[in-house]
Amino acid sequence: MYNLLQRVSGITSFAMSTLMALVVLISLATPLLPSSPTHDLTLHNVQTTSGRLMDPFDKSSRSAEYTRLTFDVDADLSSLFNWNTKLLFTYITADFSAPGFDTNRVVVWDRIIRNERQAKLRLRRHHNKYAVRNFAQTFEGVEGANLTLHVNPVPYLGIMYDKPVLSIPFVIPRAPPVDKAKAQVKGKL
């Protein structure tokens, strides 16, 4: 009745349609799986200094204010791993608003977690990995900021979503004024 190519085409079409329906169901069901990660973020010290930051990606020679943070992270993210989790991308951001820029989000620290053994984070007196700077080169007018821990589960199949899990407020202090005479003497030595 039907030749071999028509039968193969019909079976292949049915298999692909079934596979696509399964893919859609998996991608919709994965974010709904229960998880209960535990996490704690403690900020110990915030220091703002003025100077030139040695950044290989920033070729400007301008002097700017930048902030150094000291923090603790205690987190058990192993419950976020399931049969569809490839890895977790965790990162900490400093969010603040400054005059002229409503929203500033600076990544302070990040880590890729590849398995459940690595999902237990315990960092003590850890410093920021990346510099916290403002576009205006100064933190003048910045009144408050938030330090936020984010977790981004990367699935084998489906959509990625960002999950901010904890946010703590802090204040970015202004850098102490630099004595110009002292800086010139230092430069001549």
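Author: Aspartate 74 has a relative accessible area of 27%, so aspartate 74 is partly exposed (buried means under 20% relative accessible area, exposed over 50%, partly exposed in between, with a 1.4 Å probe and protein chains only). The model is a predicted one, in which local features need pLDDT of at least 70 and side-chain atom pairs count only at pLDDT 80 or more, while totals for chains, interfaces and linings use all residues. Residues are numbered from 1 along each chain as its sequence is written, and side-chain values use heavy atoms, with hydrogens and water left out.

The side chain of aspartate 74 meets that of arginine 124 in a salt bridge, at 2.9 Å from N to O. The term stands for a side-chain nitrogen of Lys or Arg within 4 Å of a carboxyl oxygen of Asp or Glu. Because aspartate 74 belongs to strand 2 (residues 64–76) and arginine 124 to strand 5 (residues 120–127), the pair ties together parts that are 50 residues apart in sequence. Helices (H or I, at least four residues) and strands (E, at least two) are DSSP runs, numbered from the N terminus. Arginine 124 is also partly exposed, at 38% relative accessibility.

A salt bridge also joins aspartate 76 and lysine 120, whose closest N and O atoms are 3.9 Å apart. Here too distant parts of the chain are linked: aspartate 76 is in strand 2 and lysine 120 in strand 5, 44 residues apart. Aspartate 76 has a relative accessible area of 27% and is partly exposed, whereas lysine 120 counts as exposed at 52%.

Strands 3 and 4 supply another pair. Aspartate 95 and arginine 105 meet through their side chains in a salt bridge of 2.8 Å, N to O. Aspartate 95 lies in strand 3 (residues 85–98) and arginine 105 in strand 4 (residues 101–113), so this pair ties together parts that are 10 residues apart in sequence.
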